[in-house]
Amino acid sequence: MKSQISRREFMRLNAGLVAAGSALPFAGATTLFAAVPGAPRAISASGTKAKLHPQLPAVDLWSFGGTVPGPLIRVKQGDEVNVRLSNRLSEGTSIHWHGIRVPNAMDGVPYLTQAPVQTGKSFDYRFRADDAGTFLYHPHINSVEQVGRGMFGALVVDEIQPVPVDRDIVWALNDWRFRRDRQLEQVFNDRHDMSHAGRYGNVITINGKAGVKLTGHPHERIRLRLIGAATGRIFALDFGALKPWVIALDGQPVPPRQARPDDLILGPGMRTDLIIDLPGSVGAKVAIVDRYFDERRYTLSEIIVDDQTPARAKPLGKPQAHKPNPIRPFESAGAERLEVVFAGGAMGMMGGMGGMGMNRGSMMRMMRQGLFWIINGRIIAPLEAGVRTPPLFRLRHNRSYIVAMENRTVFDHPIHLHGHTFQVLARNGQAVDGTVLRDTVFLRPRDKVEIGFAADNRGQWMFHCHILSHQRSAMGAVLEVA
Ligand code: C2O
Ligand code: CU
């Protein structure tokens, strides 16, 4: 049997070989974190201080591992993720591995798959990363506050044969709410945010820093992994004249094509992997504009060619496609259809009540309790409050299901399912082209979206809106696969 040291040595060599084999000449520094059996990577939930914006003072935040975002966790597909979370905060926490399929016990959902990791305690998360791609990790308790104070990070699982690029960059996008006195707003669960579009901040950062730019060489090829990591803000990016290739949505490979506007919508929990080929002329500058609120669009970042040395003489062509992840396909033959109607929210309470047997009295009671959303005519008390309600649906193991969703609210909602990767089948009656696999799907007001998946992962799984203020105010349910 190999000792741990020789195993570590082996992993390092292995990682070096992989990097050498797949990277183009301008390989940048990406730290490969290879899990060593028996030695978990220690990550503590703790307070930290960070300067998020050059014109703002450093503020007290909460973090994983003392940095915002938390440490990049990176493994090769098929390797193990092995993390020991220790809690040094004054309240319970957890880590949910967003978008990657894990056994139920590793899903990190307090009151459902584990108890909250209390102050001074630790919890070991250990699972094999079967799926390659860009994922996210974050707590799943008091989420608006914990994520809103800085607790989130990226999990990258490298393909066995990744698309060769010069640099591989992760951008976690989020926002922060500052008060006029230039301190972080300390109120997180605000009823207006809950019943409207969620908690929006007034300082926007990339990896915890305002004003991050992407600079590089003429014709340099960059893989840009975009992560929607805000508690509520939705980004709709526009790369202007640059035509990025999209190669993955929510970590799942798509046949490379030029990104369309919908590929660049990054609601909370959504990810898009792009291949960007920088322009050929030194000094070229491209603005990355967020036009989610079109009348209040702003420049999120810039791509600037600032180096004289070209990465190559000519731009590269279309990138190769990645192999799909080993996801059990949805089978339409015999699939059972489940219907989910989302209602409620400001301006929508009456609509939600309509025909759903809810009277004015129960609606008022619910609003007093800070619950604003209605799923299939029911108010499902949020798990985060420690209330466990019976599953909305019970699914039979290894059967395929269609979940037909309808958004009867006036707000957008990124809807996320745990434990499974689903196929987006149809949107407003139109079949979706090709096989689009996601774990978070974006619903606009009045949208009807059908997703399909094989329920091949046993356990109790959350199904919720990833606008965390909505999740907290009843826009979530549990699906049981047994
Ligand atoms: Cu990213 Cu249930 O969450
Ligand atoms: Cu929502």
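Let me start with one pair: Asp-250 and Arg-438 form a salt bridge through their side chains, 2.8 Å from N to O. By salt bridge I mean a side-chain nitrogen of Lys or Arg within 4 Å of a carboxyl oxygen of Asp or Glu.

A word on the source. This is a predicted model, where local features need pLDDT of at least 70, side-chain atom pairs count only at pLDDT 80 or more, and totals for chains, interfaces and linings use all residues. Residues are numbered from 1 along each chain as its sequence is written, and side-chain values use heavy atoms, with hydrogens and water left out.

Now the layout. Domain 1 covers 1-166 + 197-319, and domain 2 covers 336-481. Those bounds come from an automatic or database domain assignment. The contact takes 36 residues from domain 1 and 35 residues from domain 2. Contact here means heavy atoms within 4.5 Å.

How much area do the two domains bury between them? About 3,000 Å², with 56% of it on carbon and sulfur atoms. Buried area is the accessible area (1.4 Å probe) that two parts lose on being put together, summed over both. Look at Asn-104, Tyr-111 and Leu-112. They supply 19% of what domain 1 buries against domain 2, more than any other three residues.

Next, the polar side. The rule finds three salt bridges across this interface. There are also 22 residue pairs in polar contact between the domains, both at pLDDT 80 or more. A polar contact is a pair of N or O atoms within 3.5 Å; within protein, one must be able to donate a hydrogen and the other to accept it, and residues adjacent in sequence count only if both atoms are side-chain atoms.

Which elements of domain 1 supply at least two residues each to the side touching domain 2? Strand S5 (96-98) and helix H2 (143-148) do. H2 gives the largest share, three residues. Helices (H or I, at least four residues) and strands (E, at least two) are DSSP runs, numbered from the N terminus. In total the chain has six helices and 31 strands.

Two backbone details. Val-68 and Pro-69 are joined by a cis peptide bond, omega about -5°. Pro-69 sits in the loop between strand S2 (59-64) and strand S3 (73-76). Arg-182 has a positive phi, near 65°, and is not a glycine. Its loop runs between strand S9 (167-176) and helix H3 (191-195).

Last, overall dimensions. The C-alpha trace spans about 70 × 60 × 50 Å along its principal axes.

How values were computed. Chains are lettered from A and ligands numbered from 1 in the order in which they are written.
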